[in-house]
Amino acid sequence: MGHYDKLNDFILEHIGGAANVNEVAHCMTRLRFTLHDNALADTQALASAPGVLGAQFSNNQLQVIIGTTVGDVYDELLPKLAASGAEDAGVGANAGQQRNAETQPASGSAAAASPIADAPVEDRTKQTLLNRILATITKIITPVLGVLMGCSLVLGLQSVLVATGAIQSGDGTYVILNAIGNAIFTFFPVLLGYTAAKAFGSDGFIGMIVGAALVFPNFAADLGKGDPLFTLFAGTPFSTDVHSTFLGIPVIFPENGYTSTVIPIILAMFFISRFELWLKSKLPHATQFTFVPFLTILVGVVATLLVLGPIANLLSDAITVALQWLYALSPAIAGAVVGFFYTPLVILGLHWPLVAIGINNLSTLGSDFIMPLIYVVPLAQMAVVFAVWLRSRNTETRQICVTAMISDFFCIIEPSIYGVTLPVKRRFAITCLGSMIGGAIVGAFHVVNYASTIGVLGIVGFVNPKTGDVTNMLIVIAASLIAMACSFAAAFLTEKKDPSAA
């Protein structure tokens, strides 16, 4: 007899029985039921039960708040549903695992929530396309969030040690810390290949191989060496030199490769998962063990390099051209646009062109206008996360917020994005709007920097090294404070109004 038998029996009795359960999942604190008939659920009775902290409907889903023991309750609930023959109550191979990393749908549905933010999950049949995309990205990222934060903090430690003079760039300590901290960013597609494959119902190890192929050592150098064979889109802003082909098809490979990218590997695994299922339906069972991985990897990687990757490249080039035109038209508008869209670009892996332009400006002109527009983004993220930390009653959420804020301090915003803001669209929108306000102020005053402005410590990069003028630095400080104040106020007030927020 399980420890939570009585609790589970009580829950089932007051949600209309096991037969009323269409789907069940759990996050860090809540059981989340999609019911056939919501009217059969008695939320008042559920909330009064010992072991239940609350019950409510949100986005057509019944949320029964259990607390940190929800994973154990869920594990004992699944056999009861399976024994009753409840629809879609089967236990998947991964059910009950990684309970601190991701939501586990009992039916294998992709409609899972981010456990970190304890965000609501909508019935997949009623979700908009945007909701489904964001939910899928969040589900793919969430399992690697812990190590993402760990590596981010290592880079933060490295920055502090360098800034204080405790270590020097290039010495042994620096090299080791740099390798540890950047490992996840360098090989991000490998990890995401595994989690994306699982999210799409594919082989996780195939996903890892596809990700590894994208970041294979010297890939970019080997594909880009020698004189160009020809130039695509010559005479346009999208002009691209092609150095290599695959069976006569041009290989358009990004100059910086696919390290740190998110969208290419997700697109790849979406395609590959469908292709893998198709192969399994066509190939004799005796040949599938060998030929499914062989054909899936071969076709999947080639399709990614020849089609999906180049699409991302064209999007990057388009962003660069549009930004340069917009800044010439109006620096304030350019600042607002960059501030608003920078975080979504990070998710898409399309933010690197902006960084590349900034670095190039510094090296060729001695100053840059791009990176100052981005400077306020992590601070706006930090303000929203701080508001969530103040309002949240979830211990795990508060712990994630602390680590995310530390990472934001060093301009590493992925933990905040995937752990706190992206799972709840309202929070994500607030960070974009706050960043837009700060970016517009920076742009309006034509602020430039003279050295790297990464993280809060990079504020000194706005001081003119020739004249000692601190005007740009003061403007950026003011813009950052305004962006943070607006972001915090909006997040704090809306978190208070949302009873489903963690």
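Figure 1. At 14% relative accessibility, Asp5 counts as buried; buried means under 20% relative accessible area, exposed over 50%, and partly exposed in between, with a 1.4 Å probe and protein chains only. The model shown is predicted: local features need pLDDT of at least 70, side-chain atom pairs count only at pLDDT 80 or more, and totals for chains, interfaces and linings use all residues. Residues are numbered from 1 along each chain as its sequence is written, and side-chain values use heavy atoms, leaving out hydrogens and water. Lys80 is partly exposed, with a relative accessible area of 21%. Asp5 and Lys80 form a salt bridge, with 3.5 Å between the closest N and O atoms; a salt bridge is a side-chain nitrogen of Lys or Arg within 4 Å of a carboxyl oxygen of Asp or Glu. Asp5 belongs to helix H1 (residues 5-13) and Lys80 to helix H3 (residues 70-84), so the pair ties together parts that are 75 residues apart in sequence. Helices (H or I, at least four residues) and strands (E, at least two) are DSSP runs, numbered from the N terminus.

**Figure 2. Glu276 and Lys280 in helix H10.** The closest N and O atoms of the salt bridge between Glu276 and Lys280 are 3.3 Å apart. Both residues lie in helix H10 (residues 263-282), four residues apart, which means that about one helical turn separates Glu276 from Lys280. Glu276 is buried, with a relative accessible area of 3%, whereas Lys280 is partly exposed at 39%.

Figure 3. In the salt bridge between Arg426 and Glu495, the closest N and O atoms are 2.7 Å apart. This pair links distant parts of the chain, 69 residues apart: Arg426 is in helix H18 (residues 425-444) and Glu495 in helix H19 (residues 471-497). Arg426 counts as partly exposed at 24% relative accessibility, and Glu495 is buried at 5%. Elsewhere, salt bridges that share partners join Asp5, Asp9 and Lys80 into one network.

**Figure 4. The setting of the close-ups in the whole protein.** The protein has 19 helices and eight strands. Of its 502 residues, 52% count as buried. Among contacts (heavy atoms within 4.5 Å) with a separation of 6 or more, 67% involve residues 24 or more positions apart. The count of salt bridges comes to five.
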